Amino acid sequence: MEDPRGDMDRHQPPPSLWPIGFAVGVVCLLVGLIVSWVAAAVGAAIAAIFGFLWARDVVAAGRHEQPTVPAETDGAPPSAPPLPAQEGGSAMPEPEPAERFPRSVFLEASTLGLGALIGAIVTLPVLGFAVLPSFLKQGSKDIDLGPVENFPEGQYVVATFMADAKQGEISRRSAFIRNNGTVEGKPSFTCISNRCVHLGCPVQPGGPVFDAKKKDVRSSGSGLVELIPALPAAGFICPCHGGAYDQEGNRTAGPPVRALNRFEFLIKDGHLILGTMYSVASVSGTGATARIHKYGLAGPGQHIDGPEAWLYPLQPPH
Ligand code: FES
């Protein structure tokens with residue numbers, strides 16, 4: 001009597017850990033899309049490696065499943081008992097033609113293919129319509145703060161300007177600017193954003209601000225620029241939750257997790273121009289010789305170095 005279980009076992013692929021590894025890779029990839037590009041890349045690599053190993057096993061199993069025709073023996077008795085003679089027919093049935101692609105392999109491949117297709121149909125529109133717009137047409141405009149002579153060497157000046165004059169006062173921002181003199185013939189400026197990196201409150205100089213010495217400068221594209229000298233002897237203080245920073249913007253107390261953001265700068269036609277803002281983990285040294293540990297612009301509260309940086313979501317470019 002034919003053993004149905006034996007026939008079923010013949011069509012079962014061997015047990016394998018590759019699908020589990022593949023699933024772990026896909027999960028890592030999806031989580032990485034939210035958390036970090038690095039995690040997404042690691043997930044994609046894991047999924048690709050285990051997917052390849054899985055597919056290789058499935059194909060190999062498919063080859064082994066092809067039934068073989070018993071070899072001719074030289075008079076030796078066959079291991080299986082001979083089938084009874086059919087009425088009016090021969091004792092040995094005709095062997096079935098070998099299946100080139102067994103049904104189990106076809107079903108497995110089509111299930112995987114359909115799953116991947118449905119996953120792509122569900123995921124790609126979400127990525128396209130919900131995530132991509134945040135990454136397109138971003139960037140900051142250059143801000144003209146006026147002639148460099150308005151920034152005395154070694155002194156901080158609180159500069160208030162419009163980030164986009166077309167948007168008006170709503171785009172008004174502030175930065176702490178210090179002229180560090182020149183290094184190897186090149187001008188050096190410290191340009192620190194006044195936005196606290198805890199939750200974004202405006203940071204104040206920890207010392208006197210000389211309103212009576214305020215200068216108004218008209219600049220193209222940045223509206224009216226106000227320049228007020230300040231003496232932040234105690235660094236910069238955030239009144240919201242007690243965050244504190246030193247004169248280089250390093251965090252010294254309170255809940256902020258990194259140093260204050262800074263602006264790129266350049267000198268053009270004798271004017272100081274602020275460019276793209278970037279994030280800073282910390283600053284070693286001071287003034288013109290400071291070493292700035294610089295990163296792409298991150299959101300308030302976001303770690304940008306160390307293992308904690310993995311726990312914070314991707315920020316679209318600003
Ligand atoms: S916003 Fe500055 S300490 Fe909280």
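A salt bridge is a side-chain nitrogen of Lys or Arg within 4 Å of a carboxyl oxygen of Asp or Glu. The views below come from a predicted model, in which local features need pLDDT of at least 70 and side-chain atom pairs count only at pLDDT 80 or more, while totals for chains, interfaces and linings use all residues. Residues are numbered from 1 along each chain as its sequence is written, and side-chain values use heavy atoms, with hydrogens and water left out.

**View 1. Salt bridge between K214 and E226.** The two side chains meet at 3.8 Å, N to O. K214 lies in the loop between β5 and β6 (215-219) and E226 in strand β7 (residues 223-230), so the pair ties together parts 12 residues apart in sequence. Strands are DSSP runs of E with at least two residues, helices are runs of H or I with at least four, and both are numbered from the N terminus. K214 is partly exposed at a relative accessible area of 38%, and E226 is partly exposed at 23%. Here buried means under 20% relative accessible area, exposed over 50%, and partly exposed in between (1.4 Å probe, protein chains only).

**View 2. Salt bridge between E264 and K294.** The N to O distance is 2.7 Å. This pair links distant parts of the chain, with E264 in strand β11 (residues 262-268) and K294 in strand β13 (residues 291-295), 30 residues apart. E264 has a relative accessibility of 33% and counts as partly exposed; K294, at 44%, is also partly exposed.

**View 3. Salt bridge between E169 and R172.** Their side chains meet at 2.7 Å, N to O. R172 is buried, its relative accessible area being 19%.

**View 4. Salt-bridge network of R178, E248 and R262.** Salt bridges link these three residues in a network. The structure holds 5 salt bridges.

**View 5. Disulfide between C201 and C240.** A search of the whole structure finds 1 disulfide (a pair of cysteine sulfur atoms within 2.5 Å). The sulfur atoms of C201 and C240 are 2.0 Å apart. The pair connects distant parts of the chain, 39 residues apart: C201 is in the loop between β4 (186-193) and β5 (204-205), and C240 in the loop between β8 (236-237) and β9 (244-245). The torsion about the S-S bond is about -100°, so the disulfide is left-handed. C201 counts as buried at 19% relative accessibility, whereas C240 is partly exposed at 36%.

**View 6. Cysteines C28 and C196.** C28 is partly exposed, with 25% relative accessibility. C196 is buried, at 3%.
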